[in-house]
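Please look over the sequence and the model before reading on.

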Amino acid sequence: MNNKAKQVFAGFLLGLMVSAIGSFVFVMILLPKYSFEKLFFGLVERGLLTKVITLGTLPNAIVFHLLIKKKRDYIAKGVLSVVVSMAVFFAVLKML
């Protein structure tokens, strides 16, 4: 694997982590009195999990902007690829 591919992969992992943390923070701020397990199954039951994950992806925009500003273009491409992948995945999931 060359250096550019490693940077894109690192950006992809960074984007996944930021999305997971963003979703967790979003849920814990809005619904702090429920346990994580009960909340997770409640969101799945109501069909809201994809919406929460999508909102949790919003902090990736900040990370993307900071990476572009610091001239870390390949890492930024990895972060952007997470956002695009999630959008395509949820669009296909919605059609099913």
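Helices α1 and α2 (36–46) each supply at least two residues of a nonpolar patch, helices being DSSP runs of H or I with at least four residues, numbered from the N terminus. The largest share, six residues, comes from α1. The patch includes M17, I21, F24, F36 and F41, and its members together have about 1200 Å² of accessible area on the surface.

Such patches are made of residues with over 30% relative accessible area and no salt bridge, nonpolar side chains being joined within 5 Å and like charges within 9 Å; a salt bridge is a side-chain nitrogen of Lys or Arg within 4 Å of a carboxyl oxygen of Asp or Glu. Areas come from the Shrake-Rupley method with a 1.4 Å probe, and for residues only the protein chains shown count as cover.

## Basis of the model

This is a predicted model, in which local features need pLDDT of at least 70 and side-chain atom pairs count only at pLDDT 80 or more, whereas totals for chains, interfaces and linings use all residues. Residues are numbered from 1 along each chain as its sequence is written, and side-chain values use heavy atoms, with hydrogens and water left out.

The buried residues of α2 (under 20% relative accessible area) are L39, G42 and L43. Seen down the helix axis, these residues fall within an arc of 100°, so they line one face of α2; the arc is taken from the directions from the axis to the C-beta atoms. They pack against α1 and α3 (49–56), while the face turned away carries E37, F41 and E45, which are exposed (over 50%).

Notes: Buried < 20%, exposed > 50% of the residue type's maximum accessible area, 1.4 Å probe, protein only. Contact = heavy atoms within 4.5 Å.
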